[in-house]
There are 2 protein chains.
Amino acid sequence: MRLSRYFMPILKENPKEAEIVSHRLMLRAGMIRQQSQGIYSWLPLGKRILNKVNNIIREEQNRAGAIELLMPTLQSAELWQESGRYDAYGKEMLRIQDRQERPMLYGPTNEEMVTDIFRSYVKSYKDLPLNLYHIQLKFRDEIRPRFGTMRSREFMMKDAYSFDLTLEGAVHSYNKMFAAYLRTFNRLGLRAIPMRADTGPIGGNLSHEFIILADTGESEVFCHKDFVNFDIPAEDTNFDDVAGMKAVFDKWTSVYAATSEMHDEAAFNAIPDGERLSARGIEVGHIFYFGTKYSEPMGAKVQGPDGKEHAVHMGSYGIGPTRLVPAIIEASHDENGIIWPASVAPFDAVVINMKAGDQACDAACETIYAALSKAGKDVLLDDTDDRAGTKFATADLIGVPVQIIAGPRSVANGEVEVKDRKTGARETMTIEAAINRLAG
Amino acid sequence: MRLSRYFMPILKENPKEAEIVSHRLMLRAGMIRQQSQGIYSWLPLGKRILNKVNNIIREEQNRAGAIELLMPTLQSAELWQESGRYDAYGKEMLRIQDRQERPMLYGPTNEEMVTDIFRSYVKSYKDLPLNLYHIQLKFRDEIRPRFGTMRSREFMMKDAYSFDLTLEGAVHSYNKMFAAYLRTFNRLGLRAIPMRADTGPIGGNLSHEFIILADTGESEVFCHKDFVNFDIPAEDTNFDDVAGMKAVFDKWTSVYAATSEMHDEAAFNAIPDGERLSARGIEVGHIFYFGTKYSEPMGAKVQGPDGKEHAVHMGSYGIGPTRLVPAIIEASHDENGIIWPASVAPFDAVVINMKAGDQACDAACETIYAALSKAGKDVLLDDTDDRAGTKFATADLIGVPVQIIAGPRSVANGEVEVKDRKTGARETMTIEAAINRLAG
């Protein structure tokens, strides 16, 4: 992408409304724009990152055997009356009347709808287990949306729903999503810690939040510091291995970790001095097992091997991509801007033409841009006529992992500078070497 | 994907509510499910196809220089009051009040919002031309939604918006989208005919609908039959070539074509006998040039080279992916089911194990499935214990281009049958030959 033809509106001033660093940097880098209170557009740079985050989530859901569909944003009130949540949900639910005056709502979550889909088609235990997910917009009419897309009203969520005949099956489904989440957050460059959590309005009796530690976190969390060294399930993990999945779950729940709602002061104090970690955290995922809470009232039953009807055991598993993006920034930035993990970077590299219009600089940049694009890399070419200082500041701000800097002096020697955004290390090398370094 | 682990709820009976063939086939193939009147879930098979359609649309938008972002579904009423459309839009607009009693709406289109984004950041003609698009859900509260996702209330739309300093620039932007649309529909296996159209509530003075011919089309259309042979712009088309783009536009508008709203009986009758085509059509895209209709009242102005402020010339360009899927089916099916063009097929091939549980059949199918998956193909393996007849009917119904049929007799000879869904032609060949045919 040539920056001269791109739409990346960088703000020079710090926006006053931003209370936390991710909100400030997302606005400054031209990633998002508030359209109404708690409702955002994702501008092109932000959309690129969101796509990469979604793709990683999708790959890991698929790997764990979940199947993607797409449920609509608007739901009929009837469904929620069946489950009993229509009146219980409160003012966070955006209630709508259509032109026929039918009561509708903008889905804040999809347990009811997916249960309705399930009961319409699945009649036998032979079709289980089943895990259906979608990545879709949700709306929760928070009284005080804030922190940019960290807590917005219209937001994106990946929500998966598992269906099993038995409690044991449901626990295995839960463990699979538990392992998939560990892999997902790890690939996003985050160390997330699963913590026993309150089930809230979803209900049920088993629930974990996945929390990353950050000073700006909304919740207080308490855990053993051993978590930092636990292994992440490998790419070739067999998600059908019941014992293997249980082992992952057992390991990651073997030491103390809890949000403030579930905190047990005595248990925490039993941890030896120097191994206790008390910090602030950001919730980036939440998984629930809630048994037959929805299947029973909504009649989602299958025939079991015994010939009888059984309400299915269900769980739900949420990750908010539009929340993950700022969470990654909270965990990875410096005073100059964002530092994207390579897996979600909007571009693999930025080629900075320090003197656009200079024939040698232009030629060097075009050579590098063409070679890397051909190698399948996403490259941003800063071909604008901004001053070099502005270009450096922009490249640092938007956090692309590698900067390739072509100035008249180095180009005269057939060389460019390659800068690592994270470490700040700069290395001078031939144009060819720079291409080989990046294209590899 | 193993069918035994997939969620593809095939209906055996013809659903009564379906009035047109695409709606019937989408329900029968388990692609969609109605959740409320005119509001659908896309089940896994449908979601796969929708993804492929969206990817082609996205590639062609990017090729033509449009830049992707993501605007939210909910908009504030204020924006629409600025443009004057809030009161004018009528009951099709779904109006919503949030908990603070602020008037909102579910966006039926995005001219206002994108104009607001533009005016917030772009101040100089040097940043033009600009074309921003998103693929996002919309809602239009139609009084009589019907034909499944062909005319639903919640639907997906790719809508692009161009911004230019001058009329000439805007016409070039229009021509680029015109050419991109020809390429897009062609890659989707459709021959779409651009027709002068009424601009309707979007406004403006230049507009084309892209129409495919189908007996079930909602609108009557009239055109010269020469369209069938016109060339589609090539993949390496230079979209910056002003004359080249104009030549594409001129060629494709050189002979008569009009929807009934714009029909000129005399001009049509001037076409020689035997070259007139009068048929029913389905609108699959609609493009508009509307000048300063929104930029003027909303103050979207840039400084020109003359130092003065100019309201920008705008156009908008829509394609409805959730409408395109049934349109493709209307254009491509037979009495046994859907016939997907390869570019949007949910799977490249289906491997039919005629006797699941038979060791030789299982082994042959697993070999083929593994080899094709490794070659990067999307393969569906029918490993269920359904009868062979049911498996054949399902494979035909869901319209995967190639079926690889492994029965005990042919497998005993190291062979399988390869069936072309479209022609029905069957060929017996070795397992290796079948793999090579498909993996190539």
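Select Glu111(B) and Thr109(B) to start: their side chains make a polar contact at 2.6 Å. Keep in mind throughout the tour that you are looking at a predicted model.

**Stop 1: around Glu111(B)**

Is Glu111(B) buried or exposed? Its relative accessibility is 1%, so Glu111(B) counts as buried, the cut-off for that word being under 20%. Glu111(B) and Val221(B) are 110 residues apart in sequence, and their C-alpha atoms lie 28 Å apart in space.

**Stop 2: along helix α5**

Next, select Asp116(B) and Arg119(B). Their side chains meet in a salt bridge, with 2.9 Å from N to O. Both residues belong to helix α5 of chain B, which covers residues 111–121, and they sit three residues apart, about one turn of the helix.

Among the buried ones to click on are Met113(A), Val114(A), Ile117(A) and Phe118(A). Thr115(A) is also on that list of buried residues, and it leads us to the next stop.

**Stop 3: Ser295(A)**

Select Ser295(A), which is found in helix α9 of chain A, residues 295–298. Leaving aside neighbours within four places in sequence, show what Ser295(A) touches: Thr115(A), Ala300(A), Ala311(A), Val312(A) and Met314(A).

**Stop 4: a tour of salt bridges**

Over all chains, the structure holds 62 salt bridges. Let us visit a few of them.

- Select Arg153(A) and Asp141(A). Their side chains form a salt bridge, 2.7 Å from N to O. Both residues are in the loop between β7 (130–139) and β8 (154–164) of chain A, 12 residues apart. Arg153(A) and Asp141(A) are both buried.
- Select Arg426(B) and Glu417(B). The closest N and O atoms of this salt bridge are 2.8 Å apart. Arg426(B) has 43% relative accessibility, so it counts as partly exposed. Glu417(B), at 23%, counts as partly exposed too.
- Select Glu59(A), Glu60(A), Arg63(A), Arg183(A) and Arg187(A) together. These five residues are linked in a network of salt bridges.

**Stop 5: where the chains meet**

The residues on the side of chain B that touches chain A divide into 31 nonpolar, 12 polar and 15 charged. Across this interface there are also 24 residue pairs in polar contact.

Now select every residue in contact with the other chain: 58 residues of chain B are in contact with 58 residues of chain A. The area buried between the chains is about 4900 Å², and carbon and sulfur atoms give 59% of it. Which residues of chain B lose the most area to chain A? They are Leu70(B), Arg99(B) and Tyr121(B), which together make up 15% of what that side buries.

**Stop 6: the axis**

A rotation of 180 degrees, with 0.0 Å of shift along its axis, superposes chain B on chain A with an RMSD of 0.0 Å. That is the relation of a two-fold axis. To find where the axis passes, select Ile96(B): within chain B, its C-alpha is the nearest to the axis, at 3.0 Å. The same surface serves both copies, with 100% of the contact residues of chain B recurring in chain A.

Note on methods
Residues numbered from 1 in each chain as written. Chains lettered and ligands numbered in written order. Predicted model: local features only at pLDDT ≥ 70, side-chain atom pairs only at ≥ 80, totals over all residues. Heavy atoms only, no water. Contact = heavy atoms within 4.5 Å. Buried area = accessible area lost by both parts, 1.4 Å probe. Polar contact = N/O pair within 3.5 Å; in protein donor to acceptor, adjacent residues only side chain to side chain. Nonpolar A, V, L, I, M, F, W, Y, C, P; charged D, E, K, R; others polar. Least-squares fit on C-alpha atoms with pLDDT ≥ 70 in both. Helix = DSSP H or I, 4+ residues; strand = E, 2+ residues; numbered from the N terminus. Salt bridge = Lys/Arg side-chain N within 4 Å of Asp/Glu carboxyl O. Buried < 20%, exposed > 50% of the residue type's maximum accessible area, 1.4 Å probe, protein only.
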